[in-house]
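Let's take a walk through this model, starting from the inside and working out to the charged side chains. Have the viewer open as you read.

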Amino acid sequence: MVQEAERYKAEDEEVKKVEAKNGVENYTYNMRNTVKDDKFAGKLDPTDKQKIEKAIEETIGWLDADQLAEVDEFEDKLKELEGICNPIIAKMYQQGHSIKNNDPSIPASSLRRI
């Protein structure tokens, strides 16, 4: 029974790790696609766009290089990227650009966690 519990614990940890990695990858690639979208990119300040693009490329590089990272590392990386991207996106809202969740030019997945 103890062996079975240990096996399930290891499986649970692996599932959490995969989910954490997928979360980072999904957010990163959704944000990259959003920034490359001409309708969205045109609303971004060029400096802010560069910051997002740099953070995205660094995150992709980290993901490629650190496939064996732990759950907390994936979560930290996601928070780091969100910490760069979300304020920039929020600033666009505050500047009066017409970006809403129902705006068909902006993928809803890119507006997550704002």
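The largest nonpolar core here has 21 residues. A nonpolar core means a set of buried Ala, Val, Leu, Ile, Met, Phe, Trp, Tyr and Cys residues joined through side-chain atoms within 4.5 Å, and buried means under 20% relative accessible area, with exposed being over 50% and partly exposed in between (1.4 Å probe, protein chains only). Met31, Leu44, Ile52 and Phe74 have the most contacts inside this core. At least two core residues come from each of helix 1 (2-36), helix 3 (46-65) and helix 4 (71-94). Helix 4 is the top contributor, giving 7 residues. Helices are DSSP runs (H or I, at least four residues), numbered from the N terminus.

Before going further, keep in mind that this is a predicted model, where local features need pLDDT of at least 70 and side-chain atom pairs count only at pLDDT 80 or more, while totals for chains, interfaces and linings use all residues. Residues are numbered from 1 along each chain as its sequence is written, and side-chain values use heavy atoms, leaving out hydrogens and water.

Now zoom in on isoleucine 52. Leaving aside residues up to four places away in sequence, isoleucine 52 touches Met31, Val35, Leu44, Cys85, Ile88 and Ile89; a contact is heavy atoms within 4.5 Å.

On to the charges. Side chains of opposite charge can pair when their charged atoms come close. The model has 6 salt bridges, each being a side-chain nitrogen of Lys or Arg within 4 Å of a carboxyl oxygen of Asp or Glu.

Take helix 1 to begin with: lysine 21 and glutamate 25 both sit there, 4 residues apart, or about one turn of the helix. They form a salt bridge, with their closest N and O atoms 3.8 Å apart. Lysine 21 is buried at 18% relative accessible area, whereas glutamate 25 is partly exposed at 23%.

Lysine 49 is partly exposed at 24%, and glutamate 53 is partly exposed at 31%.

Glutamate 80 is partly exposed, at 43% relative accessible area, but lysine 77 is buried, at 14%.
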